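Subject: Structure handover

Hello,

Here is the structure we spoke about. Please open it alongside this email; my notes follow.

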Amino acid sequence: MFFVRPPFFIKIFFPYIICNFSRSDKKIYLTFDDGVNEKTTPFILENLKKFEVKASFFLIAKNVLKYPFLFEEIKKQGHQIGNHTFDHLDAWKTSNDIFIENIEKANKILKTKLFRPPYGRLKPSQIKFLSKKNYKIFYWDVLSGDYSNKLTKFKILENVINNTKNGSIIVRKKFFICNFKIKIIFLQKNEKNEKKIFHNKFSFNSF
Ligand SMILES: [Zn+2]
């Protein structure tokens with residue numbers, strides 16, 4: 001089953017997890033998870049520049065060590081950096097100590113207090129710990145679904161367009177496999193449709 005939005009209980013039980021920003025401002029927040037990747041990151045950066053869009057990148061620190069020049073390029077272009085752990089650990093399958101240690105290890109490289117858990121999974125005890133350590137935990141309210149091979153590129157675009165409203169945080173996942181789909185959204189649609197739809201209606205912002 002595919003959920004465009006995160007489960008409703010997250011907002012109710014964990015109010016300090018940020019799923020969206022103010023609904024009264026015409027701002028939206030594009031986020032990318034799982035980079036950096038030598039195949040897709042340059043493409044994404046090039047297009048963000050072209051369309052004058054600032055975004056936020058939740059990076060896997062292990063990948064940053066592999067491609068430090070891409071990490072520098074993201075920062076140089078004025079995008080925001082977020083922590084997505086060092087090894088992309090699944091919090092539900094990892095002890096608290098190891099999970100937290102992995103985040104702190106990543107933070108030595110990424111140097112940010114913005115955090116998004118891999119797979120959107122966190123235990124309440126981990127949420128508590130991260131809040132105490134002043135991490136800001138970001139989820140999303142629009143999941144593009146671009147990581148799914150079951151969704152067509154048009155369905156992905158439709159998901160994004162139909163579900164985005166003021167204050168929305170849009171997430172695009174899996175850099176590695178979504179390149180083609182991102183291309184479709186950014187180039188084919190963006191040239192006329194998406195650029196018009198989004199740029200007339202909202203302004204893109206990084207966190
Ligand atoms: Zn991830």
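Gln77 sits in the loop that runs between helix 4 and strand 3. Setting aside residues up to four places away in sequence, Gln77 touches Leu45, Leu48 and Lys49. Leu45 is 32 residues away along the chain, yet the two C-alpha atoms are separated by 8.0 Å.

Helix 4 itself covers residues 68-76. Its buried residues are Leu70, Phe71 and Ile74. They line one face of the helix, because they fall within an arc of 105 degrees when seen down the axis of helix 4. On the other side, Pro68, Phe69, Glu72 and Lys76 are exposed. What covers the buried residues? The cover of helix 4 includes helix 2 (41-50), strand 2 (56-59), helix 3 (61-66) and strand 3 (80-83). Just after helix 4 comes Gly78, with a positive phi of about 85 degrees.

Phe99, Asn102, Ile103, Ala106 and Leu110 are buried in helix 5. Seen down the axis, these buried residues fall within an arc of 95 degrees, so they line one face of helix 5. Asp97, Ile98 and Lys108 are exposed on the other side. The buried residues of helix 5 pack against strand 2, helix 3, strand 3, strand 4 (114-115) and helix 6 (124-132). Lys111 follows helix 5 and has a positive phi, near 50 degrees.

Next, the core. The largest nonpolar core holds 46 residues. Those with the most contacts inside it are Phe57, Leu59, Ala61, Phe115, Trp140, Ile169 and Ile170. Take Phe115 from that list. Leaving out neighbours within four places in sequence, Phe115 contacts Gly82, Asn83, Ile103, Leu130, Tyr135, Lys136, Ile137 and Phe138. Ile103 is among the buried residues of helix 5.

Ile169 and Ile170 take us to strand 7, which covers residues 169-172. In a regular strand, side chains alternate between the two faces of the sheet. Which faces of strand 7 are covered? Both are: Ile169 and Val171 are buried on one side, and Ile170 and Arg172 are buried on the other. Note that Arg172 counts as buried here. Strand 7 pairs with strand 1 (residues 27-33) in the parallel sense, over four bridges. Tyr29 stands opposite Ile169 in that strand. Strand 7 also pairs with strand 6 (residues 142-143), again in the parallel sense, over two bridges. There, Leu143 has Val171 as its bridge partner.

Now Ser203, in strand 8 (residues 203-205). Ser203 is partly exposed, because 13 other C-beta atoms lie within 10 Å; a buried residue has 20 or more. Beyond neighbours within four places in sequence, Ser203 contacts Lys26 and Lys27. Asp25 is 178 residues from Ser203 in sequence, but the C-alpha to C-alpha distance is 9.2 Å.

Some whole-chain numbers for your records. The chain has eight helices and eight strands. Of its 207 residues, 39% count as buried. Take the contacts between residues at least 6 apart in sequence: 77% of them join residues at least 24 apart.

Finally, confidence. Average pLDDT for the chain is 81, and 78% of the residues score at least 70. Where is confidence lowest, and where is it highest? Helix 8 (residues 175-201) is lowest, at a mean of 48, and helix 3 is highest, at 98. Over residues 174-190 the pLDDT is below 50. That stretch still has 36 contacts in the model beyond near neighbours in sequence. Where pLDDT is low, the predicted coordinates should not be read in detail.

Best wishes

Terms used. Residues numbered from 1 in each chain as written. Predicted model: local features only at pLDDT ≥ 70, side-chain atom pairs only at ≥ 80, totals over all residues. Core = buried A, V, L, I, M, F, W, Y, C linked by C-beta atoms within 7 Å. Buried ≥ 20, exposed ≤ 12 C-beta atoms within 10 Å, placed from the backbone. Contact = placed C-beta atoms within 7 Å. Arc of directions from axis to C-beta. Pairing = 2+ DSSP bridges. pLDDT = per-residue confidence, 0-100.
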